[in-house]
Amino acid sequence: MKNLQFDTKAIREGYQTTNEQEHSEAIFLTSSFKFDSAEQAAARFSKEELGNIYARFTNPTVDAFERKLAALEGAQACVATASGMAAIFATIMALIKSGGHIVASRNMFGTSIVLLNTIVSKFDITISYVDLNDLLQWKNAIQNNTKLFLLETPSNPLGEVVDITALSEISQAKNILLAVDNAILSPALQTPIKLGADIVIHSATKYIDGQGRCLAGAILGSQEIIEQIGAFTRATGPSLSAFNAWIVLKGLDTLSLRMKAHCENALKIAIWLESQPQVKKVHYLGLKSHPHHQLAKTQQLGFGGIVSFEIKGGQVAAFKLINATEIFSITANLGDTKSTITHPTTTTHGRLSDEERENAHITDGLIRLSIGLEDADDLIADINKGLLV
Ligand SMILES: *Cc1c(COP(=O)(O)O)cnc(C)c1O
């Protein structure tokens, strides 16, 4: 059937039942696949016949995850990887030759910046950083050798947004690929390829699993782009395990329900925080006070589960609040059913200089919440204890 809605695809796409007629998807825990004959082996290796050979190339459980995620993102093809970082690295290594140049958002996941500065730069690939929301900076950063725009929208922890369609017009005019890391929203809330991006990257570790159980990643795009990236992963080996593929495959079944619940909880908590006298500022895209609220509404179906706020009293007050909570887990991870709380200045953004942190608006009193699926009123009571101490 054609034109199925998101929720139907999330449950029905991707998997072909085997002769055992199992109803739930099977996990193919096998590293290799056998052939009926020497002739068939030869045909598989020469690609005359399509089919499985070895799990670094293909595995039915991994394939099912790739097909389902591609259907949800509106992409032609997908290649799954062992983690989100493996996905970002594979994208860059497969598509950019030495001598190339990348323009990247300053406001990306910390390890993505480390990857660019310490690993990618070793291959004679240069990087320029720009402010995510400033289209003119993206345009001005373009050089003759620019091959890739790389970003996350919305950013974490402050929820800054870039107009993906407007940026894709700038990149397409110069034959530059636009890659969007969509881990913070997932395809349930944003589909960058439909907005003009060429590539979507995922840390499926976050909302796609959504329950904090395993690492996984994925890259999505046109058949041609994914074939190039697939050739890189086949030769270098950051393949997704069949077991982890099964976990994230089952995660997709409930993705949109969970994302709706994350958004509802986060909005309720953000609204409550905004009315607290000890809170200086709340950063949540769902609040009308957020400078990118209107832009987010034009390209997102929801505002996600990340809420940040600045407490009066700087780091001392922030640490007191974090330590007073009993339900929130003190961990830098996000996108879990369990709510988490963290102090960006001393953890996720700790390696930045004072000036870089100031430019990124990461203040000493800033606290980041990844709102999970507990009852919002219980979470509010938990934070309130910290505000009262
Ligand atoms: C966590 C995260 C990553 C890295 O993913 P791993 O699965 O931990 O390797 C990349 N991008 C974003 C936005 C993330 O939140």
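Guide: We begin with the ligand and then move on to loops, surface and charged pairs. Keep in mind that this is a predicted model.

Which residues surround the ligand? They are Ser83, Gly84, Met85, Phe109, Glu152, Asp181, Ala183, Ser203, Thr205, Lys206 and Ala216. Sorted by class, this shell holds four nonpolar, four polar and three charged residues.

Now look at single atoms. Take Asp181 first. One of its polar side-chain atoms lies 2.6 Å from a nitrogen atom of the ligand. Thr205 also uses its side chain. A polar atom there lies 2.6 Å from an oxygen atom of the ligand. Met85 uses its backbone. A backbone N or O atom of Met85 lies 2.9 Å from an oxygen atom of the ligand. How much of the ligand does the protein bury? Taken alone, the ligand exposes 380 Å², and the protein buries 92% of that.

The bond that joins Thr153 and Pro154 is cis, with omega about 0 degrees.

Go on past H7. The next loop lies between H7 and strand E5 (177-181), and Asn175 is found there. Asn175 is not a glycine, yet its phi is positive, near 60 degrees. Is Asn175 buried or exposed? Its relative accessibility is 71%, so Asn175 counts as exposed.

Next, turn to the loop between helix H1 (6-12) and helix H2 (38-45). Gln21 has its place in this loop. Its phi is positive, about 60 degrees, although Gln21 is not a glycine. Gln21 is exposed, because its relative accessible area is 69%.

Leu29 is found in this loop between H1 and H2 as well. With a relative accessible area of 66%, Leu29 is exposed. Leu29 also takes part in a surface patch. Together, Ile27, Leu29 and Phe243 make a nonpolar patch of about 290 Å².

Glu25 is another residue of the loop between H1 and H2. With Glu25 we reach the charged pairs. Side chains of opposite charge can pair when their charged atoms come close. How many salt bridges does a search of the whole structure find? The search finds 11.

Glu25 forms one with Lys250, and their closest N and O atoms are 2.8 Å apart. This pair links distant parts of the chain. Glu25 lies in the loop, Lys250 lies in helix H9 (residues 242-253), and 225 residues separate them. Glu25 has 11% relative accessibility, so this residue counts as buried. Lys250 has 26% and counts as partly exposed. The pair does not stand alone. Glu25, Lys68, Lys250 and Asp253 are linked in a network of salt bridges.

Compare another pair. Arg44 forms a salt bridge with Glu49, the closest N and O atoms being 2.9 Å apart. Arg44 counts as buried, because its relative accessibility is 15%. Glu49 is partly exposed, with a relative accessible area of 28%.

One more pair sits within a helix. Lys385 forms a salt bridge with Asp382, and the closest N and O atoms are 2.8 Å apart. Why are Lys385 and Asp382 separated by about one helical turn? They are three residues apart in helix H14 (residues 376-388), so about one helical turn separates them. Asp382 has 3% relative accessibility and therefore counts as buried. Lys385, at 30%, counts as partly exposed.

Definitions and conventions
Residues numbered from 1 in each chain as written. Predicted model: local features only at pLDDT ≥ 70, side-chain atom pairs only at ≥ 80, totals over all residues. Heavy atoms only, no water. Near = heavy atom within 4 Å. Polar contact = N/O pair within 3.5 Å; in protein donor to acceptor, adjacent residues only side chain to side chain. Areas by Shrake-Rupley, 256 points an atom, 1.4 Å probe, with all protein chains shown as cover. Nonpolar A, V, L, I, M, F, W, Y, C, P; charged D, E, K, R; others polar. Patch = residues over 30% accessible without salt bridge, like charges linked within 9 Å, V, L, I, M, F, W, Y side chains within 5 Å. Salt bridge = Lys/Arg side-chain N within 4 Å of Asp/Glu carboxyl O. Helix = DSSP H or I, 4+ residues; strand = E, 2+ residues; numbered from the N terminus. Buried < 20%, exposed > 50% of the residue type's maximum accessible area, 1.4 Å probe, protein only.
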